[in-house]
Structures are given as C-alpha cells and as structure tokens.
Number of protein chains: 2
Amino acid sequence: MKKISRGDCERLDDRDPLAGIRERYYLPEEVIYLDGNSLGPVPKTVPGRVASMIEKEWGENLIKGWLADGWMDKPLTLGDRLARLIGAGSGEVVVVDTTSINLFKMLAAALRLRPERKVILSNRENFPTDLYMVQGIVNWLGQGHQLRLVDEDKVVSALDGDVAVLMLTQTNFKTGRVFDMAKITKAAHEVGALTIWDLAHSAGAFPVELNAAAADFAVGCSYKYLNAGPGGPAFLFVAKRHQNSAEQPLTGWLGHDDPFAFDNEYRPADGIRRQICSSPGVIGLVAFEAALDVIDEVDMTQIRIKSNILCDIFIDLVQTECHEFGFRLVTPREAGVVEPLLRGSQVSLVHEHGYAIVQALIRRGVIGDFRDPDIMRFGFAPLYLRHVDIYDAVIHLRAVMECREWDDPAFQERASVT
Amino acid sequence: MKKISRGDCERLDDRDPLAGIRERYYLPEEVIYLDGNSLGPVPKTVPGRVASMIEKEWGENLIKGWLADGWMDKPLTLGDRLARLIGAGSGEVVVVDTTSINLFKMLAAALRLRPERKVILSNRENFPTDLYMVQGIVNWLGQGHQLRLVDEDKVVSALDGDVAVLMLTQTNFKTGRVFDMAKITKAAHEVGALTIWDLAHSAGAFPVELNAAAADFAVGCSYKYLNAGPGGPAFLFVAKRHQNSAEQPLTGWLGHDDPFAFDNEYRPADGIRRQICSSPGVIGLVAFEAALDVIDEVDMTQIRIKSNILCDIFIDLVQTECHEFGFRLVTPREAGVVEPLLRGSQVSLVHEHGYAIVQALIRRGVIGDFRDPDIMRFGFAPLYLRHVDIYDAVIHLRAVMECREWDDPAFQERASVT
C-alpha cells in the first residue's frame, strides 16, 4: 500500500469544498480536536448571538421577548431547521429538554401505543443512560414490562410479537458502528413493534433519514456534531402518523392546546407541540440556533464524503505508521455514502494502554477520548478538521508510542466525559 | 389617611440599604418594570460571565471544561448557593431541568413513598401546569390515583388518610396570597401525607424556610425573582430524611452512583445527586450563577422589609390616587415580615377593563401583566425597584384612567406570558 504523505493531505485540503467552514469555529491553536463527537467547539456565530439575545432581547424587551423575539416558538422553529439534517419533515421535530428526558417521553408514548406488549428491546452496547431510562420506566410502572438486552448483531432476530418498542442508538458510542435504520425499522414493523432511535452520534455527523426509514420516534442531542455547547438543548422526533396519539406523562402547560387559557384541565395540543412541557431555556436555544447558522450552509452529503475520507486516512495511516504498536481497529472498515451506512464519523482503536495513550496525546494537543475498558475514541468532524490534522494526529500517535510517553505515572487515574 | 408624596418616596430611597443594588441590573430607560415576577431583568454580571464561559471555558478548554471548569458539578454547587435563600441545607438542592419536570420527579417520589394512598391534594387556584403534571402522572400510571382539588381555604380541612401528597404553590400566581408553609406542612404530616411546595413566586422574593417548616419536597424556577433569564434552569429540594428513599423514573446517567463506570444497571447515587438525570445545560447554569452573585450580597430579611414597603405604598397610593376608578384589591393587605407570611412580593388589582389598562400602562413604560379573567398583576422586586418607581407607576395608572387610555381598539387581542 502506498503511504499517504502530508503532501497528499495538503492537496486534499486545497480541493476541500468544506475547507472554508473551519474558519467559522474557534479552535485553540496547537490543538487537533478529535473529540467533537463528545463536545463540539464554539461556532463563531455563538458568542455574538448569545450576547445580543441577553443584552438586546432580554435586556431591552424583557417579558415582551417571549413573543416579540420568538422565544416561545423556538422549540418549534429550531426543530424545523434541524429536520433537514435528520430526514424529518416540518412539524415533526422539537428542540426541548434533554436527550434522556425526551427518551422517557418517547418510551412512555410507545408503550401506551402497544399496551398489550411488555418487552422493550435494545442492545447491550447501547449508551447506558438509554438503558437506565428504560429501567426507570419499567421499575416505576410496575406493569410487568421488561428490558430485553441482546448483542447488537442479534437485534433483528430478537424481534417478536412481545416487543412493544425497539430502542437503539443508531451509532454505537464506543465503536462507531451504525445500524441499518431502514432495514431494522422494517423488521420491527413486521412484528408490530415501534422504533425509537437515539441520534446522539448521528445528528450532524452524517445524513440521517428518519422518514425514509419510516422511523416512529427519535431523540438526540445538540452538543456533539451540532456544536450547541455543553449540555445544550436536546431534540425529539415523532412521525406525523403518531403525533396525535403519542401520549406521555410530562404534560406541562406549553403542550396544552391553549396554554394561556390557564384551564385547570390538561388538553394536549395537536401535533408535535404536545411534546413540549415547560417554558424553554432561551439562552441555550439561541446558542443552538447560532450553531445551526453555520451548518445550514453545508450539504450533508458533502459532510459525509469528507467524513469518510478523514476516517479512511486515519485508519490507513495507523496501519502504515503505527503497525508495530498493536492497535486493533474496532470501527467498521466500510462506511457507505448512501444508505445503508455502516460507520459513523469516528474511529476507535483498542490498546491495552489505551487510557494512558489518550492522555499522552492530549498532552501533545491531540484531543481524543477513552472509553472503558480499552477503547481510544477519535471523532472526525468534517466541518472544522483538515486532512493534514489527521496526518499530524497519527504522527503524534507514533511518537507517543515510540517514546513510550504513555508510560507516565500521571496517567493512572481515569476520568472522562461522554 | 395622609397622602404619600413623591418626596416621601425619594426620602425612602435615600435611606434604602438596598438602593445600590439597582445599579447591578440593566433596566431600559423610561421603563418601570413591575413584571419581575414573570421574568427578572438582566443582572450586569451575566453577559460577561456567559461570554467568558463560551469563549474561555468552552472555547479554550473544550471537553476538558466538564471537570476543569466545574461544569459537571454546577447543579450541586448552584444548589448549595441557592439553599440559603430557601431555608434548605447543603446537599438538599440541585439546579436542574425545568420546574414541571422537577415537579414530576417529586410527585413520583412522593407517591412511591405512600404506595397505599391514592390522593394528590391541591387547590384549584394553583398554577395550571402543576395540575397538568399531576394529571399526566395519574393518567399514565393508571393505578387509581386521583387529583383532589379544593379551594385554597379548604386545603387543611381536605387532608385525610387517603392523601399521599399535598402539592401547593406557596405563593398564588394571581393574587400573591402566601400559604402558611409551616402550619400546613404540619397538618399534612399529622395525617401522614407528604408535601411538595412549588416556590415559583417565592424563591428570591422573600425568605423561604423549607427546613423550618419541615417541608418534604420543593421545586422552583430561576427566571422570576432570581433573574437567571427566560426559561432558566429550575431547581428541586429533597429533605435529607427522604433522599435515599426518593425514587423516581427519570433515572439518567448523572444520577447513577458511578456515571463513568458505564454499567448497564442503574444504581442510584446516594443523596440529592440521584435527582440529576442528564448532562446539565451549562450556558444557562452559568447565567444563573452570575445572577446569584448579585443576590448573594443581600440579606433576605432586608429584601422582605423593602418588598413590604413597596407593596404597601402601591396599595395605599391606588387607594388615595385612584379611588374613583373601581379597582378591587385581591392581594392580602397584611404581609408579615417573619413567618407566617401572608403576601408575596406582588399586588393584584381586579378591574373589568384590566387587560386594556395593563396595555395602556405598558405603552407608558409601566410594565405589569394581566391574568384572566380580570386581574392586573404588579410584581415588586426589591433588588432593583425604587420607592419613587411605585409612586410614578400609580400616577401613570391614574392618568390612564382619567384619559380613558385603555379604551383603545389596539388593546383588544389578548396574549400574555407567565
């Protein structure tokens, strides 16, 4: 195999249609940021937009801002903007609450739609909080529901007539493996089950096609590939056909058909609006809105194409530059540009000293992260990463290994953040 | 009764120990803001602190900010700071999610603690969203629970051995009437019921004494008298004695005993931390933190004393300056400085043309709000209102009435925000 050179990467950067987008993000100098799958960097649109919201909207308009500045409708207007990125239609997405709380709503709604079934099916490799939310709802309902956990390869074969809902995270947070949403949704529907897709490592990372897959429900977060800031507002999707029968217990006033009537009886709004519970956190929504201003300029297919190249270069270079250090690739080698996609926008390597290697890389300014027990995780966000960044990252990795920089007592204590 | 003059108010301002605090808030010129009970104004600490969080913490530290900048612990550290204002102890409060969602958690936990009881007692005058949350949980559980609604005067007499939980908003959002938290909590405990107090119009408005009243659970919001911005993060309180038995179904990873172990089995953390579900929305928390920087400088008793004077001046002036216009006071005349408090920090007047009068006042820069069917609501936040503001507001009110400014076709369509 011909070795990829830094010059090759420079030439790819020269021809990169997304190259100019990098300038729209704050990236600390001397940092190669391969952790945008955990927390995206600051879009340059954000500080000014947030300052303006605080000083002009909140500061000058005070209470009037709820209507004059469109605060009240932001969950819906942002949802409609986000819809394009995840293959949803207008009026099918709201930006609200947190991913876990939205998952709770969608689980509650799905179980209500399949009252005779008692199984929630998921895979063991799912992000634990998703499983915790199921456990919470199951324990607390006390109606004999159970969480059926299988290996990710067994998801389709574990579908049967007892399954009320199949809940999957589309992109595995450790390995970057992507489920075939269309095929699996179809299999679920064939046994009469509903689907809930968690788009945590999908939204903004590649084109998601919820409606093309006939997905029922979805949730996701804004702070990874959508760059809305730490703990930014989450979103949820309910397919049109379920909206007026999707009932869940978080029935706050903004989901009421006529919130300002202040009736004492709850009457759910039609459509997606009933999934909104409380007055929205406007500062966080405005940051998200500003982050979308950048993403709205790009085509998701271009993002996907560049993402695949970045991941492929990394995998190839680790193979050629670091072959003697015993890294094992746990991310699918195949990616796909159109459905079915097989790989997200990350590459994960297994190594017995993985934790310490990641720390040594961070000391060099190459920021990835680590997941137990031995997974080194590198996210490749096409909006702001250059091809040369990938090259340089692997050269740093080789240096860390050659110089045994990982063998440093400072790298013993483990702490990490998704 | 001797008429209060503007000069009297100026003299009160001269001697006001809180007078200097007004300079810590952005208040548009020519505005008298009597709607801080709905949305407080911008503390001058907020824009800089938010900008610094975005540009320095998120911008420079990226993913490391979760630990390096204390993002992860903010729900707890902010909760501890807030505790002083509401009579709670360290480790009893977290700042997280929304008021309604926190209410859901507290309702769920309380019902679980009283499994043999089926009644949730509240008053008809409660803020509707609180009642909607009960309806949501009752319908969804399907275990024969019921919401028992009584007039606010009948709350104590409606307590019996069927009541699992008494859920009240301490301060009535329309009238400003305050429940005697200690006395009512005692009565609830005497029949074996638990209490949930919504502090929406209480926290920051006057000293709340949760532990002195032996309250069990409480929730509240940050965007009214705490000035954290529109839809700012909410809080919840669980008394120490209930913390390790308070179980609710929103069991996200940050409430896990060891979140970063990524176990597939949920195991709740001890203490208040199990009430945290998701990664916190840091930008909103930082705004709240900056808002507390101002409030932390003041003594809640001083706030209460000034609040009472502002409300009393307003009531007296409406009586003397506007006696012929038929306003009816629906706020208690008595307030109280120490427990039991009878009145919040607002005054509400009833008038058949109430909606249009409020609009005419807003056109003059006097911002209050309106609540169906005929209630004009004026909030008096002692941190930034001057005594002369109250005087000037009433003079505007008299002018609106004398000139029949309310009789304007533009003031027909109704829209308002709590």
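Strands here are DSSP runs of E, at least two residues long, and are numbered from the N terminus. In this predicted model, A:Pro373 sits in the loop between strand S14 (369–371) and S15 of chain A. Chains A and B are related by a rotation of 180°, and chain A is divided into two domains, domain 1 (6–42 + 299–411) and domain 2 (49–295).

**Relation of the two chains**

- Chain A superposes on chain B by a rotation of 180° with 0.0 Å of shift along the axis, at an RMSD of 0.0 Å.
- This is the relation of a two-fold axis.
- The same surface serves both copies, since 100% of the contact residues of chain A recur in chain B.

**Interface between chain A and chain B**

- In the interface, 71 residues of chain A are in contact with 71 residues of chain B.
- On the side of chain A that touches chain B, at least two residues each come from helix H2 (45–61), helix H3 (65–68), helix H5 (99–113), helix H6 (128–141) and helix H9 (282–295) of chain A.
- By class, the side of chain A that touches chain B has 42 nonpolar, 21 polar and eight charged residues.

**Domains of chain A**

- Domain 1 of chain A is made of two segments, 6–42 and 299–411, while domain 2 of chain A covers 49–295.
- The C-alpha centres of domain 1 and domain 2 of chain A are 29 Å apart.
- Their contact takes 30 residues from domain 1 of chain A and 23 residues from domain 2 of chain A.
- Helix H10 (300–321), strand S12 (346–350) and strand S15 (375–379) of chain A are the elements that give two or more residues to the side of domain 1 that touches domain 2.
- H10(A) supplies the largest share of that side of domain 1 of chain A, with five residues.
- The side of domain 1 of chain A that touches domain 2 of chain A divides into 13 nonpolar, 11 polar and six charged residues.

**Packing of H1(A) and H12(A)**

- Helix H1 (residues 6–14) and helix H12 (residues 387–402) of chain A pack with their axes 7 Å apart and at an angle of about 155°.
- Angles over 145 degrees count as roughly antiparallel, so H1(A) is roughly antiparallel to H12(A).
- From H1(A), the residues A:Arg6, A:Cys9, A:Glu10, A:Leu12 and A:Asp13 meet A:His387, A:Val388, A:Ile390 and A:Tyr391 of H12(A).
- The residues of this contact between H1(A) and H12(A) comprise five nonpolar, one polar and three charged.

- B:Glu209 is in the loop between strand S8 (194–198) and strand S9 (217–220) of chain B.
- B:Glu209 counts as partly exposed because it has 18 C-beta neighbours inside 10 Å.
- Apart from neighbours within four places in sequence, B:Glu209 is in contact with B:Gly87, B:Met181 and B:Glu339.
- B:Glu209 and B:Glu339 are 130 residues apart along the chain, and their C-alpha atoms are separated by 8.5 Å.
- B:Glu339 is joined to B:Pro340 by a cis peptide bond, with omega about 0°.
- B:Pro340 lies in the loop between strand S11 (328–329) and strand S12 (346–350) of chain B.

**Positive phi in chain A**

- A:Asp97 is not a glycine, but has a positive phi of about 55°.
- A:Asp97 belongs to the loop between strand S4 (93–95) and H5 of chain A.
- A:Asp97 is buried, because 31 other C-beta atoms lie within 10 Å.
- A:Asn227, a residue other than glycine, has a positive phi near 60°.
- A:Asn227 belongs to the loop between strand S9 (217–220) and strand S10 (235–238) of chain A.
- A:Asn227 is buried, with 30 other C-beta atoms within 10 Å.

**B:Ala287**

- B:Ala287 is part of helix H8 (residues 282–295) of chain B.
- B:Ala287 has 34 C-beta neighbours inside 10 Å and therefore counts as buried.
- Not counting residues up to four places away in sequence, B:Ala287 touches A:Ile283 of chain A, along with B:Val46, B:Val50, B:Ala228, B:Gly229 and B:Gly232.
- B:Ala287 and B:Leu78 are 209 residues apart in sequence, with a C-alpha to C-alpha distance of 11 Å.

Conventions: Residues are numbered from 1 along each chain as its sequence is written. Chains are lettered from A and ligands numbered from 1 in the order in which they are written. This is a predicted model: local features need pLDDT of at least 70, side-chain atom pairs count only at pLDDT 80 or more; totals for chains, interfaces and linings use all residues. Axes are lines fitted to C-alpha atoms, for helices over the stretch in contact, and angles run from 0 to 180 degrees between N-to-C directions. Helices (H or I, at least four residues) and strands (E, at least two) are DSSP runs, numbered from the N terminus. Angles under 35 degrees count as roughly parallel, over 145 as roughly antiparallel, 65 to 115 as roughly perpendicular and the rest as oblique. Two residues are in contact if their C-beta atoms, placed from the backbone, lie within 7 Å. Ala, Val, Leu, Ile, Met, Phe, Trp, Tyr, Cys and Pro count as nonpolar, Asp, Glu, Lys and Arg as charged, and the others, Gly among them, as polar. Copies are superposed by least squares on the C-alpha atoms of residues with pLDDT of at least 70 in both. Domain bounds come from an automatic or database domain assignment. A residue is buried if 20 or more other C-beta atoms lie within 10 Å of its own, exposed if 12 or fewer, and partly exposed in between; C-beta atoms are placed from the backbone.
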